[in-house]
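The following report concerns the structure shown below and takes up its charged pairs, an annotated region and a surface patch.

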Amino acid sequence: MATDLTPRFTLSLRGYDKDEVDEYLESLAAHATDSDGELVASRQRSRDLEAQVQRLSARVGELEDAIRGESPNTVRAIGERISLILGEAEAGAAETLEQAELRADQLLAQA
C-alpha cells in the first residue's frame, strides 16, 4: 500500500491552507495507525515462526539421535533376518536334493 506522504499545500494569504494541512495530518495519522498494525502483526508472525523453527530444530535433533541410535540395531536385525532366510533356503535345498536322490534311486531300481 503505497501512500504518497509528500505534503503539497496551497499558499494562502496567511500561510498554508488550513483544511489541506488538517487533511494531510489526518492521512498521516491513518498511515501511522496502519503501519503500527502491520508492525504488530509482523512481529507476532516473526515470533510464531521463530517458535516453529525451534520446535522443528528440536524434532530434527530427536530424529537424528534416533537414526544414530537405531542404525546398528536395524543393520543387525537385517543381518539376522538374512541369516534366517539363508538357513531356511539351505535346509530347503538339502531336502530337495535328498528327495531327488531318493527318486533317482527308485528309478534306478525300477530300471
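In which helix do Lys-18 and Asp-22 both lie, and how many residues apart are they? In this predicted model, both residues belong to helix H1, where they are 4 residues apart, about one turn of the helix.

## Salt bridges

The structure holds 2 salt bridges. In one of them, the side chains of Lys-18 and Asp-22 meet with an N to O distance of 2.8 Å; Lys-18 counts as exposed at 57% relative accessibility, whereas Asp-22 is partly exposed, with a relative accessible area of 29%.

A salt bridge also joins the side chains of Glu-62 and Arg-59, at 3.1 Å from N to O. Because these residues are 3 residues apart in helix H1, about one helical turn separates Glu-62 from Arg-59. Glu-62 counts as partly exposed at 46% relative accessibility, and Arg-59 is likewise partly exposed, with a relative accessible area of 44%.

## Annotated region

An unreviewed UniProt entry lists residues 39-66 as "coiled-coil region". Over residues 39-66 the chain of the model is 100% helix and 0% strand, with the end C-alpha atoms 40 Å apart.

## A buried tyrosine

Tyr-24 lies in helix H1 and counts as buried, at 18% relative accessibility. Its C-alpha atom is separated by 8.6 Å from that of Arg-8, although Tyr-24 and Arg-8 are 16 residues apart along the chain.

## Negative surface patch

Glu-95, Glu-98, Glu-101 and Asp-105 form a negative surface patch. Of these residues, Glu-95 lies in helix H1, which comprises residues 18-110, and Glu-95 is partly exposed, with a relative accessible area of 49%.

Conventions: Residues numbered from 1 in each chain as written. Predicted model: local features only at pLDDT ≥ 70, side-chain atom pairs only at ≥ 80, totals over all residues. Heavy atoms only, no water. Patch = residues over 30% accessible without salt bridge, like charges linked within 9 Å, V, L, I, M, F, W, Y side chains within 5 Å. Areas by Shrake-Rupley, 256 points an atom, 1.4 Å probe, with all protein chains shown as cover. Salt bridge = Lys/Arg side-chain N within 4 Å of Asp/Glu carboxyl O. Lys, Arg positive; Asp, Glu negative; His and termini not counted. Charge placed at Lys NZ, Arg CZ, Asp CG, Glu CD. Helix = DSSP H or I, 4+ residues; strand = E, 2+ residues; numbered from the N terminus. Buried < 20%, exposed > 50% of the residue type's maximum accessible area, 1.4 Å probe, protein only. UniProt positions renumbered as here; feature names shortened; annotations may be inferred.
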